[in-house]
Amino acid sequence: TAPFDGETASVTIAQNILSVAAFIDATYVQASVGFVMDLGDAKMTTKYSDPGLGTGTSTTLDFDQTWLSIGVLGKYPFKAGSVTVFPLVGIEYDLNLSNKVNGTDTKSTMSDDQKANLNQFWLKAGVGADFAVSSKIYVRPSAIFGYKLHSKLQSDNLETLEAMPGIGKATQTDIRIDIG
């Protein structure tokens, strides 16, 4: 949200992501390597505080992005009856492999800083559980909240916006919820 002459503007982008990963599970650590890709179009909604500018304007963007994902989660398992429950906390790094917007390869014309901006570093926390099917097979549901740290380019862009007359405070928050 960035104020402009006492007004506010908010842009929200909602996007579905599909991730396929293999993981190594130890008692207190879970390490994973995977492939992440966009699933369908992203919906961008822009809202303004000034009714003269309109509200609820929506745009559909066709993102086609892929990443190589590497993650490490610490966990502390404990028994809850026949189920093993464990809180999870850790990090994930997503290395961008491709980036197309509306069918155009935008990565080929980007600077190194812009390409680095496509990579993502996430702080993650959540909970999981193991339900034993047999002595060696488990069903493992999990829900993990992710918070993305800003890249250098994102931080620089926010500083540039805030330095402009009449803008004030500019923020960007990237969050996600992983259900597995």
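Modeller: Begin with a polar contact: the side chain of arginine 140 makes one with the side chain of aspartate 130, at 2.6 Å. The term means a pair of N or O atoms within 3.5 Å; within protein, one must be able to donate a hydrogen and the other to accept it, and residues adjacent in sequence count only if both atoms are side-chain atoms. The side chain of arginine 140 also makes a polar contact with that of aspartate 25, at 2.8 Å.

Biologist: What kind of values are these?

Modeller: This is a predicted model, where local features need pLDDT of at least 70 and side-chain atom pairs count only at pLDDT 80 or more, while totals for chains, interfaces and linings use all residues. Residues are numbered from 1 along each chain as its sequence is written, and side-chain values use heavy atoms, with hydrogens and water left out.

Biologist: How many salt bridges does the structure hold?

Modeller: A salt bridge is a side-chain nitrogen of Lys or Arg within 4 Å of a carboxyl oxygen of Asp or Glu. The structure holds ten. One of them joins glutamate 92 to arginine 176, with the closest N and O atoms 2.9 Å apart. Glutamate 92 lies in strand 9 (residues 83-101) and arginine 176 in strand 14 (residues 174-179), so this pair ties together parts 84 residues apart in sequence.

Biologist: What else is linked to that pair through salt bridges?

Modeller: Glu92, Asp94, Lys124, Arg176 and Asp178 form a network of salt bridges. Within it, arginine 176 bridges to aspartate 178, with 2.9 Å between the closest N and O atoms. Lysine 124 and aspartate 178 meet at 2.7 Å, N to O. Lysine 124 belongs to strand 11 (residues 120-132) and aspartate 178 to strand 14, so the pair ties together parts that are 54 residues apart in sequence.

Biologist: Are glutamate 92 and lysine 124 buried or exposed?

Modeller: Buried means under 20% relative accessible area, exposed over 50%, and partly exposed in between (1.4 Å probe, protein chains only). Glutamate 92 is buried at 7%, and lysine 124 is buried at 7%.

Biologist: How do I read strand pairing around strand 13?

Modeller: Two strands pair if DSSP finds at least two bridges between them. Strand 11 and strand 13 run antiparallel and are joined by seven bridges; alanine 125 stands opposite phenylalanine 145 in strand 13. Strand 13 is in turn joined to strand 14 by six bridges, again antiparallel, and here phenylalanine 145 stands opposite isoleucine 177.

Biologist: Which strands does a hairpin of three residues join?

Modeller: Strand 3 and strand 4 are joined by that hairpin. Strand 3 (residues 17-25) runs antiparallel to strand 4 (residues 29-38), with nine bridges between them. Leucine 18 has methionine 37 in strand 4 as its bridge partner.

Biologist: How do two residues of helix 2 read?

Modeller: Glutamine 154 lies in helix 2 (residues 152-163) and is buried at 9%. Beyond four places in sequence, glutamine 154 touches Asn117, Lys148, Leu149, Gln172 and Asp174. Glutamate 162 is also in helix 2, but is partly exposed at 31%. Its contacts, with neighbours within four places left aside, are Ile167, Gly168, Lys169 and Ala170.

Biologist: Last, the backbone: what is the phi of asparagine 102?

Modeller: Most residues other than glycine have a negative phi. Asparagine 102 is not a glycine, yet has a positive phi of about 50°. This residue lies in the loop between strand 9 and strand 10 (104-105) and is partly exposed, at 49%.

How values were computed:
Helices (H or I, at least four residues) and strands (E, at least two) are DSSP runs, numbered from the N terminus. Contact means heavy atoms within 4.5 Å.
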